[in-house]
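This report describes selected local features of one protein model.

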Amino acid sequence: MDHSRTPLFTALRQHAASNPVQFHIPGHKKGAGSDQEFREFIGDNAFSIDLINIAPLDDLHQPTGVIEEAQKLAADAFGSDYTLFSVQGTSGAIMTMIMSVCSPGDKIIVPRNVHKSIMSAIIFSGARPVFISPARDENLGIDHGITTRSVRRALTKHPDAKAVLVINPTYYGICADLKEIVDLAHSFHVPVLVDEAHGVLIHFHEDLPMSAMQAGADMAATSVHKLGGSMTQSSVLNVNTKNGYINQQRVQTIISMLTTTSTSYILLASLDTSRRNLALNGHAIAEEAIRLAQYARTVINSIPGLYCFGDEILGDEATYNYDPTKVTIHVRHLGMTGYEAENWLREHYNLEVELSDMYNILCLVTPGDRQETVDTLLRALREMSEAFYNMNEVKEVVVKIPEIPHLSLTPREAFYADTEVIPFKESAGRIIAEFIYVYPPGIPILLPGEVISQENINYIMDHVEVGLPVKGPEDRSIKNVKVIVETEAIF
């Protein structure tokens, strides 16, 4: 296919150039009705293509024209049978995947360290999650993905599962053997859904991990905006129908149900043009991002008190491959937490990292980086090392979480049940109706429908008392918790 073409973006530019008299939304009418300061800041070109689904511009909900052409080009670029554009971010694409294959009561095998959009989809669909614990890295204090062995155990015990969901790559860039997991699941006649939010570049370079479509997965939600150059909130859903597990018409119906009817043509155009850039230049821009990241990794490992993992982390099921553009910097030997390192870099260098946890910070090296931006990061890290190395006590890595709780009700049943609020410290034996996540390591400790144990309570309160972030419950102080109206859990 001719990837120099941008059918949607070209149509938008042509429409704007014709300067039509508009009597339709949006009401700013090419910027004339907007706030003047905002208009001057973002420019008239942006306003001129901020349009809606009028006939010349096609309709994302039922594309038959330029959007359909743009999606076909994207499918060719990503190696899928179909690609659907999402203006609801990758969260919308993830929810579409799950709701396309799961009905109320259906089982879905998922990692415990899931994004909240996965749990939202499970609640919406009424599915019953079968959780797999991710492999834990005791040296870095982070979690990797799920292993083939753990998937085999889950499928053997639950052969009636409607899908296996895999996070690939993880936020930190680690990959299991996705092809092996896909082949295993397909041997049980179970489709594989991939949360590929952090993997848009991997399809375009042989030195990066295998992409979901290359591995033969059935659907993959891929964030083009995270690393591929499109605008925030724009993603794609790649669909493989060759294996016979996915009904393409149902996927289209579900994503339409979850998508606003006022779709942003600016976001859609950024997907169309980013696809062009990736298809034509993806290998070259990935090559440069890899080079810069490996350069940064080498220098970081020469700075006292810092460590950035590389090829040496590979070698077992959970660490089959990794994306080197995810630069994870272990700061524990500076006697500081990742949170403290993030704040120090912000305050002293006006430098923002992607995330921080108890022991690490994560920096993304993307096609938007240049030698000078990476060198700025390295200067900041050197100065931080000089300020903190051998100055504070170095604490040992402690990553312990309770066993996965008993799921007494489906998350949907618990979420919509009659509830009451009780003191959290007195909630053992009750069924929780909300989420509780603690960091590190970022795994949800309690999800709607699970039975609260005293071990859960102790673990969460330990985090609260030392000031670590606890997220999810309506009562942010965690003094109270919402449970379903029931005197005891029903086992």
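## Terms and basis

A residue is called buried under 20% relative accessible area, exposed over 50% and partly exposed in between, using a 1.4 Å probe and protein chains only. This is a predicted model, in which local features need pLDDT of at least 70 and side-chain atom pairs count only at pLDDT 80 or more, while totals for chains, interfaces and linings use all residues. Residues are numbered from 1 along each chain as its sequence is written, and side-chain values use heavy atoms, with hydrogens and water left out.

Helices (H or I, at least four residues) and strands (E, at least two) are DSSP runs numbered from the N terminus.

## Helix α7

Helix α7 spans residues 148-157, and its buried residues are Thr148, Ser150, Val151, Ala154 and Leu155. Viewed down the axis of α7, these buried residues fall within an arc of 160°, so they line one face of the helix. The arc is that of the directions from the helix axis to the C-beta atoms. An α-helix has 3.6 residues a turn, so residues three or four places apart point the same way.

Exposed residues Arg149, Arg153, Thr156 and Lys157 sit on the face of α7 turned away from its buried side. The cover over the buried residues includes strands β2 (107-111), β3 (128-132) and β6 (163-167), together with helix α8 (178-187). Contact here means heavy atoms within 4.5 Å.

## Packing of α5 and α10

The axes of helix α5 (residues 89-101) and helix α10 (residues 248-258) come within 9 Å and cross at roughly 135°. These axes are lines fitted to C-alpha atoms over the stretch in contact, and angles run from 0 to 180 degrees between N-to-C directions. The two helices α5 and α10 are therefore oblique to each other; angles under 35 degrees count as roughly parallel, over 145 as roughly antiparallel, 65 to 115 as roughly perpendicular and the rest as oblique. From α5, the contact is made by Gly92, Met95, Thr96, Met99 and Ser100, and from α10 by Arg250, Val251, Ile254, Ile255 and Leu258.

## Salt bridges

The whole structure contains 15 salt bridges, each defined as a side-chain nitrogen of Lys or Arg within 4 Å of a carboxyl oxygen of Asp or Glu. One of them joins Asp323 to Lys326, with the closest N and O atoms 2.5 Å apart. Asp323 is buried at a relative accessible area of 2%, and Lys326 is buried at 0%.

Another salt bridge pairs Glu420 with Arg430 (2.6 Å, N to O). Glu420 lies in strand β16 (residues 419-423) and Arg430 in the loop between β16 and β17 (436-438), so the pair ties together parts that are 10 residues apart in sequence. Glu420 is partly exposed at 31%, whereas Arg430 is buried at 12%. Glu342, Arg346 and Glu352 are linked in a network of salt bridges.

## Backbone geometry

Most residues other than glycine have a negative phi, and most peptide bonds are trans. A cis peptide bond joins Ile25 and Pro26, with omega about 5°, and Pro26 lies in the loop between α1 (7-17) and α2 (36-42). The bond from Asn168 to Pro169 is also cis, with omega near -5°.

His189 has a positive phi near 60°; His189 is in the loop between α8 and β8 (192-196) and is exposed at 62% relative accessibility. Ile478 has a positive phi near 65° but is buried, with a relative accessible area of 2%.
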